[in-house]
Amino acid sequence: MLALNRKLVLGQRLMHIGDYRMDHLVGFDLHGKTVGIIGTGIIGAAFARIMHGFGCKILAFDAVENKALMAEIPLFYASFEDVCALSDVVSVHAQWNDSSKQMFDKATFSTLKKGVIFINTAHGAFVNTLDLIEAIENKTIAAIGLDVYEKEHALFYQDHTESPVTDPLFLKLRSYPNVLITGHQGFLTKETLAGIANTTIANLNAWTYNGISENEINEK
């Protein structure tokens with residue numbers, strides 16, 4: 001989000017060709033802006049705390065309100081429609097389920113505030129990619145940050161240097177200077193990898209000796 005707001009991707013491209021003008025690199029102060037967060041679980045809550053630190057107003061949408069987070073920082077829950085319509089930045093951190101497929105489509109994008117920054121680090125299928133491209137083409141969306149993609153399974157975690165990508169929508173998205181795409185690497189730190197390994201071992205030990213793990217999900 002910071003890279004998109006301050007036009008770092010475009011600035012780097014211009015730097016490489018020797019263009020040091022700043023005409024197209026103007027961003028905006030985050031302080032006082034409204035950030036809309038879709039999903040306030042562990043990751044969404046962490047993002048809310050960070051944005052609060054920047055002095056942002058926090059709007060959120062979630063089926064279950066995070067009462068602990070509300071007690072910690074000024075955060076207001078609103079309808080999905082209001083969060084989309086009132087936010088200068090919309091960031092998606094929701095838990096995936098079939099009912100939320102393509103919740104960001106042409107109809108939703110048409111309600112966004114003009115010039116919004118749109119971030120999706122949750123699940124690619126939340127977004128209709130064709131409609132997303134239309135929204136950036138008509139300048140409803142000023143910038144897009146994606147760590148996920150609707151058809152990422154055919155792309156991410158693979159080396160395509162010898163087999164060029166042919167997905168036309170992905171290639172279109174990748175071509176924009178105001179779109180930043182990473183290959184589902186938001187989790188990829190040494191500390192997180194160590195945590196995953198430790199949790200996996202703890203789960204195996206718990207199931208072996210107790211038959212129950214504290215990390216089990218009760219689908220009921």
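## Two domains

How far apart do the C-alpha centres of domain 1 and domain 2 lie? They lie 31 Å apart. Domain 1 covers residues 1-187 and domain 2 covers residues 189-219. These bounds come from an automatic or database domain assignment.

This is a predicted model, where local features need pLDDT of at least 70, side-chain atom pairs count only at pLDDT 80 or more, and totals for chains, interfaces and linings use all residues. Residues are numbered from 1 along each chain as its sequence is written, and side-chain values use heavy atoms, with hydrogens and water left out.

## The chain as a whole

The protein chain has nine helices and seven strands. Both are DSSP runs, numbered from the N terminus: helices are H or I with at least four residues, strands are E with at least two. Along the principal axes, the C-alpha atoms fill a box of roughly 65 × 50 × 30 Å. Of the 220 residues, 38% are buried. Buried means under 20% relative accessible area, exposed means over 50%, and partly exposed lies in between (1.4 Å probe, protein chains only).

UniProt lists residues 1-186 as "domain: D-isomer specific 2-hydroxyacid dehydrogenase NAD-binding", in an unreviewed entry. UniProt positions follow the numbering used here, feature names are shortened, and annotations may be inferred rather than shown by experiment. Over residues 1-186 the chain is 32% helix and 17% strand. The end C-alpha atoms of that stretch are 13 Å apart.

## Helix H9

Helix H9 spans residues 190-209, 20 residues in total. From its first C-alpha to its last, H9 reaches 29 Å. That is close to the 28 Å expected at 1.5 Å a residue; the expected span is 1.5 Å times one less than the number of residues. Just after H9, Gly211 takes a positive phi of about 80 degrees.

## The largest pocket

The largest pocket has a volume of about 820 Å³. It is lined by 28 residues. Closest to its centre are Ile43, His93, Thr121, Asp147 and Gly186. H3 gives the most, with five residues. By class, the lining holds 18 nonpolar, nine polar and one charged.

The terms need their rules. On a 1 Å grid over the protein atoms alone, a pocket is an open set of points with protein on both sides within 12 Å along at least five of seven lines, while a cavity is a set where a 1.4 Å probe fits but cannot get out; lining residues have an atom within 4 Å of a point. Grid points are joined across faces, edges and corners, and a volume is the space filled by probe spheres set on the points. Ala, Val, Leu, Ile, Met, Phe, Trp, Tyr, Cys and Pro count as nonpolar, Asp, Glu, Lys and Arg as charged, and the others, Gly among them, as polar.

## The second largest pocket

The second largest pocket has a volume of about 460 Å³. Its lining has 18 residues. Gly39, Asp62, His93, Ala94 and Gln95 lie nearest its centre. H3 gives the largest share here, three residues. The lining divides into ten nonpolar, seven polar and one charged.

## A cavity

There is one cavity of 30 Å³ or more. The largest cavity holds about 40 Å³ of space. Among the residues that line it are Asn120, Leu146, Val148 and Glu150. Its lining has six nonpolar, three polar and one charged residues.

Leu146 sits in strand S6. At 6% relative accessibility, Leu146 is buried. Leu146 and Ser99 are 47 residues apart in sequence and 21 Å apart in space, C-alpha to C-alpha.

## Loop residues

His123 lies in the loop between S5 and helix H7 (129-137). It is partly exposed, at 28% relative accessible area. His123 and Val148 are 25 residues apart in sequence, and their C-alpha atoms are 5.8 Å apart in space.

Tyr157 lies in the loop between S6 and helix H8 (168-175). Its phi is positive, about 65 degrees, although Tyr157 is not a glycine. Tyr157 is exposed, with a relative accessible area of 62%. His184, in the loop between S7 and H9, has a positive phi of about 55 degrees and is not a glycine either. His184 is partly exposed, at 23%.
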